[in-house]
Amino acid sequence: MSSIASVFVLLLALLPQALVAQHLTYSEWQVEARRDGRLNPGFKGHRLTPEQKASNTELVKQVLASGADRRSASDHLVDLGRQHLAEGDLRKAIYRFNHGWLVDSSNARVYHGFGLFFSALDRSTEAGAQFALGLDRDSSSVELLRDMAATLLDEQRKIREEKPERADTMVKAALHLLLRAEQQVPTDTTVLLRIATCHVVLKQCTDARTWTERYDKAGGKGEPRTLLLESLRQTCPVAPDR
């Protein structure tokens, strides 16, 4: 496998949120979202009917009747959405994320959920837009920093052949986000893996080896580790002893 090919395989492995099965495609979502505003993040572009407004008001009232504060209730709904997402039921997932948005539209985790929804549809641009909205609300969120970086890495992969300088700029932006996350979670293997990958893509071999060692010491293992080591070997070969 060539150096570029091995790096691209690694980049694909870095995308957030693997699904058991995908029950909705992007084109299907576009069609359905025109008919059902509940499939749009934050009901964007959808004019709610009086009945829908009343239903949403009643839902929020029932959720808060349990005694939970808005943030906790919203977080619970986001967790339910992520569970549906992991099961591959994207429709139920976006419904729950929207319920979380109704309860607390300032909750950054809601926008992370919206971003994961688009990631599941293989739409990194739309996912990145939602992650950015989340970071506007919580600039220190590790999961948003980590997954925003992953979407940038995916986007640069798609344009690298035609726009290598622009691609490098995107990798550097991803690296900046990941280093901010690493300051909070210095042993997070996902963050360390992505930092090492950024240096591999940028062909910064000394830094790539340093962060790969940190990733190993933090417990990096499995296919991601294998892919990283292969990409490092292909991109930064060690000169043979003489």
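Analyst: Asp 122 is found in the loop between α6 and α7 (124-137), where helices (H or I, at least four residues) and strands (E, at least two) are DSSP runs numbered from the N terminus. The model is predicted, so local features need pLDDT of at least 70 and side-chain atom pairs count only at pLDDT 80 or more, while totals for chains, interfaces and linings use all residues. Residues are numbered from 1 along each chain as its sequence is written, and side-chain values use heavy atoms, with hydrogens and water left out.

Most residues other than glycine have a negative phi. Asp 122, although not a glycine, has a positive phi of about 60 degrees. At 52% relative accessibility, Asp 122 counts as exposed; the cut-offs are under 20% relative accessible area for buried and over 50% for exposed, with partly exposed in between (1.4 Å probe, protein chains only).

Helix α6 spans residues 108-120, and Ala 108 lies in it. Ala 108 is buried, at 8% relative accessibility. Leaving aside neighbours within four places in sequence, Ala 108 is in contact with Gly 134, Arg 137, Asp 138 and Leu 144, contact meaning heavy atoms within 4.5 Å. Asp 75 is 33 residues from Ala 108 in sequence, with 9.5 Å between the two C-alpha atoms.

Helix α6 also packs with α5 (residues 90-103), the axes coming within 9 Å and crossing at roughly 160 degrees. Axes are lines fitted to C-alpha atoms, for helices over the stretch in contact, and angles run from 0 to 180 degrees between N-to-C directions. The two helices are therefore roughly antiparallel; angles under 35 degrees count as roughly parallel, over 145 as roughly antiparallel, 65 to 115 as roughly perpendicular and the rest as oblique. The crossing of α5 past α6 is left-handed, meaning that the near helix is turned anticlockwise from the far one by less than a right angle; clockwise would be right-handed. Among the residues making the contact are Phe 97 and Trp 101 of α5 and Phe 114 and Phe 117 of α6. By class, this contact has nine nonpolar, three polar and no charged residues. Here Ala, Val, Leu, Ile, Met, Phe, Trp, Tyr, Cys and Pro count as nonpolar, Asp, Glu, Lys and Arg as charged, and the others, Gly among them, as polar.

The other helix pair is α11 with α12. Their axes come within 11 Å and cross at roughly 160 degrees, which makes α11 roughly antiparallel to α12. This crossing, too, is left-handed. Residues that meet include Cys 205 and Arg 209 in α11 and Arg 225 and Leu 228 in α12. The contact has seven nonpolar, two polar and three charged residues.

Cys 205 also forms a disulfide with Cys 236, their sulfur atoms 2.1 Å apart, the criterion being a pair of cysteine sulfur atoms within 2.5 Å. Cys 205 lies in α11 (residues 205-217) and Cys 236 in the segment after α12 (222-235), so the pair ties together parts that are 31 residues apart in sequence. The angle about the S-S bond is -80 degrees, a left-handed link. Cys 236 is buried, at 4% relative accessible area.

A further positive phi, of about 55 degrees, belongs to Phe 43, which is not a glycine. Phe 43 lies in the loop between α2 and α3 and is buried, at 7% relative accessible area. Arg 47 is found in the loop between α2 (26-35) and α3 (50-64), but is exposed, at 79%.
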